[in-house]
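Please read it alongside the sequence and coordinates shown below.

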Amino acid sequence: MPTQNNEFNPQRLKLALELKRWTQKKLAAKMDITSTTLSLIMNAKLPFSTAHAETASMATGLPLNFFVLPSQAISPDQLTFRKTSNVSRTRIKSMSAEYSLMESAVTSLGKMCRTDRRADWIDNLAPNTSPTSTDIEELAQATRKQLGITARGRVDNVIRSLEKGGIVIAAMATAPSEDPTQNAKMEGVTHPQSTNAPLTIGYFPGARPGDGTRFTIAHELGHAILQRKRHPVSGKVTEAEASAFASAFLLPKYDAFAAIRPSMKLMEYADVKAQWGISIAAAVRRARDLDIITPDRYKSLQIQINQMHWRRAEPVTVEQEHPIYLKQLVGSALGTIKTATEVSVAPPAVEQYLGLPFDMVSAWADGLTPEKNDWNDFDFQ
């Protein structure tokens, strides 16, 4: 049912362009208007009429209510991305647009469920000044305790542990780039200084094997804690801090000393991977950071990893983990929770209440079952 609200928000056109990675010229052509007219609408110099909103909706495949909601665009500079360095600016803007929509939807769902679940413990742990390596080790231990994880031992399910701590983990859904070199380059994203609830971490399914995904989620949690109240001096420091946190969280210091011997051969690190759910490369790096191995030994192992082509694919499979918290929020707010991992919801409900395509929200929530329902009898105003 079309919305009866004619107050359409022209800023949402810019958000749609960034999400789709389209130029104004391309959208104008699809809307059958001139680029000049579209520019005037986007800059609020011409009214964003119902007719224009309807054509924009058809052109982009976004629900009409997408263009009614307040703009919630988050600048890429406010987000932390786990990525390779050569990702295009256009793709970063697209990911930022998607994350903006995701964070807004999660906040709305939390309010609908009347469970504005804030991870206040993150505020309590977050440092105000630059942490030392010892500080990061201690913060990782404090985080494990907060999440009900023992001080030593493997984190059985990283995603579920964070969800129990009030953090939403969601799979990013933006379509692959037309440039294949840009695909599988993004791994994780979060908004450390967000004032919304619950805190949301986005990850990119398929970008990494199971061990890599576990590390990425822990890495983004590191950002959320370490950069909650401060801005490091550089992006390099920002990423190094988060990686150090992830390593300490997944393989605590005393466990690392027990699991890794200085004389271990490369293949023996596969046993560490199997036991701890971290990559061989991460285990080797952890050994070096803790001075378990010398710089020369670290260099030798890195050369061997390259020779074995393990940068592309390591031995030992670590199963992928899957989120359920967002799925349950959607079910509680808009649909039916059948089991912990199965939720059904009518697509029109998602589109009307969240202003987003059902397929996008379904991808974020790791799969929703479309529920047949007659939503024409409901008043969404």
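Three strands form an open sheet in the order β5-β6-β7, with mixed pairing; two strands are taken to pair if DSSP finds at least two bridges between them. Helices (H or I, at least four residues) and strands (E, at least two) are DSSP runs, numbered from the N terminus. This is a predicted model, in which local features need pLDDT of at least 70 and side-chain atom pairs count only at pLDDT 80 or more, while totals for chains, interfaces and linings use all residues. Residues are numbered from 1 along each chain as its sequence is written, and side-chain values use heavy atoms, with hydrogens and water left out.

- The edge strands are β5 (336-339) and β7 (369-370), each of which pairs on one side only.
- Two bridges link β6 and β7 in the parallel sense, and Ser-344 has Thr-369 of β7 as its bridge partner.
- Helix α15 lies across β5 and β6 and runs at about 40 degrees to β6; axes are lines fitted to C-alpha atoms, for helices over the stretch in contact, and angles run from 0 to 180 degrees between N-to-C directions.

**Four-stranded sheet**

- A second open sheet, of four strands, has the order β1-β3-β4-β2 and mixed pairing.
- Strands β1 (80-83) and β2 stand at the edges with a single partner strand each, so one side of each has no neighbour in the sheet.
- On average, neighbouring strands of this sheet are turned by 15 degrees against each other, direction ignored.
- Strand β3 (residues 186-190) runs antiparallel to β4, joined by three bridges, with Gly-188 opposite Tyr-203 of β4.
- Helix α5 packs on the sheet and touches β1, β2, β3 and β4, its direction making about 140 degrees with that of β4; contact means heavy atoms within 4.5 Å.
- Helix α9 also packs on the sheet, touching β1, β2, β3 and β4, and its direction makes about 155 degrees with that of β1.
- Strands β2 and β4 (residues 200-203) run parallel and are joined by four bridges; the bridge partner of Ile-169 in β4 is Ile-201.
- Both faces of β2 (residues 168-171) are covered, with Val-168 and Ala-170 buried on one side and Ile-169 and Ala-171 buried on the other; buried means under 20% relative accessible area, exposed over 50%, and partly exposed in between (1.4 Å probe, protein chains only).

**Helix α9 and its partner α10**

- The axes of α9 and α10 (residues 235-250) come within 7 Å and cross at roughly 120 degrees.
- The two helices are therefore oblique to each other; angles under 35 degrees count as roughly parallel, over 145 as roughly antiparallel, 65 to 115 as roughly perpendicular and the rest as oblique.
- The contact of α9 with α10 has ten nonpolar, six polar and three charged residues; Ala, Val, Leu, Ile, Met, Phe, Trp, Tyr, Cys and Pro count as nonpolar, Asp, Glu, Lys and Arg as charged, and the others, Gly among them, as polar.
- Asp-211 belongs to α9 (residues 210-226) and counts as buried, at 4% relative accessibility.
- Leaving aside its neighbours within four places in sequence, Asp-211 is in contact with Lys-273, Gly-277, Ile-278, Ser-279 and Val-318.

**Helices α1 and α3**

- Helix α1 (residues 11-20) packs against α3 (residues 35-42) at an angle of about 120 degrees, with the axes 8 Å apart, which makes α1 oblique to α3.
- Leu-13, Lys-14 and Leu-17 of α1 meet Leu-38, Ile-41 and Met-42 of α3, a contact with five nonpolar residues, no polar residues and one charged residue.

**Helix α16**

- In α16 (residues 347-354) the buried residues are Ala-349, Val-350, Gln-352 and Leu-354.
- Their cover includes α5 (89-112), α15 (325-334), β6 (342-345) and α17 (358-364).

- Most residues other than glycine have a negative phi.
- Asp-32 has a positive phi near 60 degrees; Asp-32 lies in the loop between α2 (24-31) and α3 and is exposed, with a relative accessible area of 69%.
- Asp-366 has a positive phi of about 65 degrees; Asp-366 lies in the loop between α17 and β7 and counts as partly exposed at 28% relative accessibility.
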